[in-house]
Amino acid sequence: MTPEDQEETQPLLGPLGGSAPRGRRVFLAAFAAALGPLSFGFALGYSSPAIPSLRRAAPPAPHLDEDAASWFGAIVTLGAAAGGVLGGWLVDRAGRKLSLLLCSMPFVTGFTVITAAQNLWMLLGGRLLTGLACGIASLVAPVYISEIAYPEVRGLLGSCVQLMVVTGILLAYLAGWVLEWRWLAVLGCVPPSFMLLLMCFMPETPRFLLSQHKRQEAMAAMQFLWGSGQGWEEPPIGAEHQGFHMAQLWRPGVYKPFIIGISLMAFQQLSGINAVMFYAETIFEEAKFKDSSLASVVVGLIQVLFTATAALIMDRAGRRLLLTLSGVVMAFSTSAFGAYFKLTEGGPSNSSHVDLPAHLSMGPADTNTGLAWLAVGSMCLFIAGALRAGPVPVLFYRAKA
């Protein structure tokens, strides 16, 4: 065998033995891609502080009534639904890197439109564009990170995606504490702008390059990311063309975990977690909490803490236990939050607000102050339960499959 033949048969994408490469540029590339989920989280959390700010804004700034505020928070999900479909098409045709570059455009454009908004339609249009970018980023960023990471750090880097989403939400809550809605939208342009800048210097994933029969470019990408292009196994010929066919859904080993995984994710979304994220500050204002911005920041901190905790204990505790515990915690916390609204509800038809101070020998003001922490505590429990299950349904589905 000639030296050229030996080079051609050199493995590429799977460790055959020996020590794995330890290139550090892979972390820079993962950080650049993770700015997409960070922007995603910021867009999700933006409406929470922005809605009260818009309601306080004086003319000629656009004003949100109750219906408009609902649309302002929820319309991002319509854009995200379209972005998910578009991202699925882009990721295989344009590539992972180009898809991330393209998704930064609607992020920046959407927040720019919101910043310049003079009416409700501009606000909704900007939110729709950021939602479109959210859908693309939520699909493409995990694919890019998983394909550039070598096995020893793939789990760590993969868990950073969800962590960056909740960090983005927390950033929006923290910034909304001190910034009005226009400046908050300006801040929203920063993470996707940095992603656009950094991704220009990052390579395409080796796996996608191999699927396009660009072996030399794939070797160069691995050299850049991992510090070595040697000692790695190339996937079998034709593996990149193996796809999913609808006929496979008739197999019990496919449709059972598929139904379980989809059901878990659907019930998680129907639990109301997105509504809490979109309207956290408004919810606490309706709950008569004195500092709704502070309460929202506390919720954001709980998100980050329990997302990190879930990533650390998921493999040890098991998916089923975490999902069961999550359901119990969320059911208890929403019941407690509903009880809070019932106890603080005014009006002659409701005597619970009147009787409670008599039983506790407290004044009405003291009662409201004490019960306000019930609202914060129940919402924190709800977020803790929801985030504990955050990445679990998908992983539970993979484990069943």
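## Salt bridges

A salt bridge is counted here when a side-chain nitrogen of Lys or Arg lies within 4 Å of a carboxyl oxygen of Asp or Glu, and the structure holds 2 of them. The model is a predicted one, in which local features need pLDDT of at least 70 and side-chain atom pairs count only at pLDDT 80 or more, while totals for chains, interfaces and linings use all residues. Residues are numbered from 1 along each chain as its sequence is written, and side-chain values use heavy atoms, with hydrogens and water left out.

Asp92 pairs with Arg96 in a salt bridge whose closest N and O atoms are 3.5 Å apart. Asp92 is partly exposed, at a relative accessible area of 48%, whereas Arg96 is buried at 9%; buried means under 20% relative accessible area, exposed means over 50%, and partly exposed lies in between, with a 1.4 Å probe and protein chains only. Arg96 also meets the side chain of Glu147 in a salt bridge, at 2.8 Å from N to O. Because Arg96 lies in helix H4 and Glu147 in helix H5 (residues 120-148), this pair ties together parts that are 51 residues apart in sequence. Through shared partners, the salt bridges join Asp92, Arg96 and Glu147 into one network. Helices are DSSP runs of H or I with at least four residues, numbered from the N terminus.

## Aromatic pairs

The structure holds 5 aromatic pairs, a pair being rings of Phe, Tyr or Trp (its six-membered ring) with centres within 6.5 Å, where planes under 30 degrees apart count as stacked, over 60 as edge-to-face and the rest as tilted. The rings of Tyr46 and Phe111 are edge-to-face, because their centres are 5.8 Å apart and their planes stand at 75°. This pair links distant parts of the chain, with Tyr46 in helix H2 (residues 25-56) and Phe111 in helix H4 (residues 96-115), 65 residues apart. Both Tyr46 and Phe111 are buried, and together with Phe42 and Phe72 these two residues form one aromatic cluster. Arg127 lies over the face of Phe72, at 5.2 Å from the ring centre; such a placement requires CZ of Arg, or NZ of Lys, within 6 Å of the ring centre and within 35 degrees of the ring normal.

Phe337 and Tyr340 make a stacked pair, since their ring centres are 6.4 Å apart and their planes are at 15°. Phe337 and Tyr340 are 3 residues apart in helix H14 (residues 319-344), and are therefore separated by about one helical turn. Phe337 is buried at 9% relative accessibility, and Tyr340 is buried at 1%.

## Helix H2

The 32 residues of H2 should span 46 Å at 1.5 Å a residue, and the end C-alpha atoms are 46 Å apart, which agrees; the expected span is 1.5 Å times one less than the number of residues. A kink of about 35° lies at Ala50, shortly before the proline Pro52, the bend being the angle between axes fitted to the seven residues ending there and the seven starting there. H2 is mostly covered, with 26 of its 32 residues buried.

## Ser296 and Ala280

Ser296 belongs to helix H13 (residues 292-317) and Ala280 to helix H12 (residues 273-286). Ser296 is buried, with a relative accessible area of 1%, and Ala280 is likewise buried, at 1%. Leaving aside residues up to four places away in sequence, Ser296 touches Ser48, Tyr173, Ala280, Glu281 and Phe284, where contact means heavy atoms within 4.5 Å. With its neighbours within four places set aside, Ala280 is in contact with Ser48, Tyr173, Ala275 and Ser296.

Technical notes:
Helices (H or I, at least four residues) and strands (E, at least two) are DSSP runs, numbered from the N terminus.
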